[in-house]
Amino acid sequence: MTLLDLPERFALRARSVITPNGEQAATVVVNGEKIEAVLAFDCYPDCTVVNVENVLMPALVDSHVHVNEPGRTDWEGFDTATHAAAAGGIATLVDMPLNCIPVTITAEALAAKLESVDNKLWVDTGYWGGATADNLEDLPELLESGVLGVKSFTIHSGIDEFQCVDEAQLKDAMRYLAKAGLPHLVHAELDRHEHNASQQTPPTIGRSYARFLQSRPRAWENDAIAMVIRVMRDLKAEGLEPRAHIVHLSSSDALPMIVAAREEGLLLTVETCPHYLTLWAEDIPDGATLYKCCPPIREDANRDLLWQALKDGHIDFIVSDHSPCTPQLKAMDSGDIGDAWGGISALQFGLSLIWSEGQQRGFTLTDLTRLMAQTPADIAGLGNFKGRIAAGYDADFLVFDTQAQQTVTADTIKHKHKISPYLGKTLTGVVTETWLRGRPIYQYDQYVGSARGRSLLRGAR
Ligand SMILES: [Zn+2]
């Protein structure tokens, strides 16, 4: 019997299954698209049992992916991005409201995006909207249209039509989100230079990574996060319960402020990304534009503090911030870091990246499941059916060979442009299978079946 001939109801049995209660030997009964029950290893349910040799984990949930379709499919697209996700053990992703055209800041723009995904989704996909300086009036309708929440920038977004917000605009938008009970994601960098023309113009960055790093200092992140916290306090004083979420934290200096805000009772959550945890500034050669992202990858000592914050629970989860573009825009020829588009491409490698280093830092697969499946699902409002191996949840799995190694090459990359700062690096841990709602979609480097992914629209379930 091949797996495609699996009956409607069957069981997966493994010596190591990562459940919300930790790692255990278990038999997971699947009925249709759902997990029916998680039983003891030596239970014999009255159905076909498939033995799984490696670790059975819930498929990952990546709530920070820039797919860029419609409009910039020369950068990426739903077909290629969701293939890469499947190869990385991700069965659910949430797409960012930029850099597609139109940017997802109105209900009509979301409708255009939903039209573009037909027959292209290999994994289930949700969508963030955007809250910009010019779409406050459109927000109620956008929030009704099925987005899972919104994202704002406190600095130029890189895309002119996705305008950044000032403090007053952030507050006005977050008020809507708080009333709807939805998360407000914030790209938190505040360019004080932009608001103070009397300061000197910074030196040209050119090929220098050090000058790029200096050009986006920790203070920019710290100031923006302080602003988000002020806005949350103001809204709380109005009797609201805002839920703000800091995307891609890089500055460890902001952690004490974040911890204090949480202790004060503010519903502030924080994510970081594999590149801030596995790469460091001192190791980045000049001219290496593939490492450029905003906020930047900082010093090795900063990286240690981010890992510690994950361990302490002060950073809630890890997502890719996969943000690809064409090799031309990455200024590969000139190596001009100043000119290059900012964004890291590594959608499918997150689990192996974090496992390679995390296990040496004392992180278990149960920790990684919490950080890369469970909590991102919770923040995106998908936590009652995604991200856990438990009865009633979608039967989304990944099978992880914890010992196998892989070297990142152009041939192994599934996203559109075969470039990544990890090219040539060897990682420990290989996703051998990914399952979406009861059936495999990826096994041993082969895609199985067809594009069965669905759009996850709020209110549709
Ligand atoms: Zn991003």
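Guide: Start with the term that matters here. A residue is buried if 20 or more other C-beta atoms lie within 10 Å of its own C-beta, with C-beta atoms placed from the backbone. Keep in mind that this is a predicted model.

The helix is α6, residues 218-237. By that cut-off, its buried residues are W220, E221, A224, I225, V228, I229, V231, M232 and L235. Seen down the axis of α6, they fall within an arc of 165 degrees, so they line one face of the helix.

Now the length. α6 has 20 residues. From first C-alpha to last, it reaches 29 Å, close to the 28 Å expected at 1.5 Å a residue. After the helix comes G239, with a positive phi near 90 degrees.

What do the buried residues of α6 pack against? Two helices are on the list: α4 (167-180) and α7 (255-263). Three strands join them: β11 (183-187), β12 (243-246) and β13 (267-272).

Take V228 as one example from the buried face. Setting aside neighbours within four places in sequence, V228 is in contact with V186, A188, A244 and I246. V228 also matters for the nonpolar core. The largest such core has 143 residues, and V228 is among the six that touch the most other members, along with V28, L56, A85, V123 and M372. The largest share of this core, eight residues, comes from α6.

Next, look from the α7 side. A261 lies in helix α7. A261 counts as buried because it has 20 C-beta neighbours inside 10 Å. Beyond its neighbours within four places in sequence, A261 is in contact with I229, L266 and L268. I229 is one of the buried residues of α6. A261 can also be set against A226: the two are 35 residues apart in sequence, yet their C-alpha atoms are 9.5 Å apart in space.

Finally, a sheet elsewhere in the model. Three strands form an open sheet in the order β6-β7-β8, with parallel pairing. Its edge strands are β6 (60-65) and β8 (124-127), each pairing on one side only. The twist averages 20 degrees from one strand to the next. Four bridges join β6 to β7 (residues 90-95). Within that pair, L60 stands opposite I90.

Notes: Residues are numbered from 1 along each chain as its sequence is written. This is a predicted model: local features need pLDDT of at least 70, side-chain atom pairs count only at pLDDT 80 or more; totals for chains, interfaces and linings use all residues. The expected span of a helix is 1.5 Å times one less than its number of residues. A residue is buried if 20 or more other C-beta atoms lie within 10 Å of its own, exposed if 12 or fewer, and partly exposed in between; C-beta atoms are placed from the backbone. The arc is that of the directions from the helix axis to the C-beta atoms. Two residues are in contact if their C-beta atoms, placed from the backbone, lie within 7 Å. Two strands pair if DSSP finds at least two bridges between them. Axes are lines fitted to C-alpha atoms, for helices over the stretch in contact, and angles run from 0 to 180 degrees between N-to-C directions. A nonpolar core is a set of buried Ala, Val, Leu, Ile, Met, Phe, Trp, Tyr and Cys residues joined through C-beta atoms within 7 Å.
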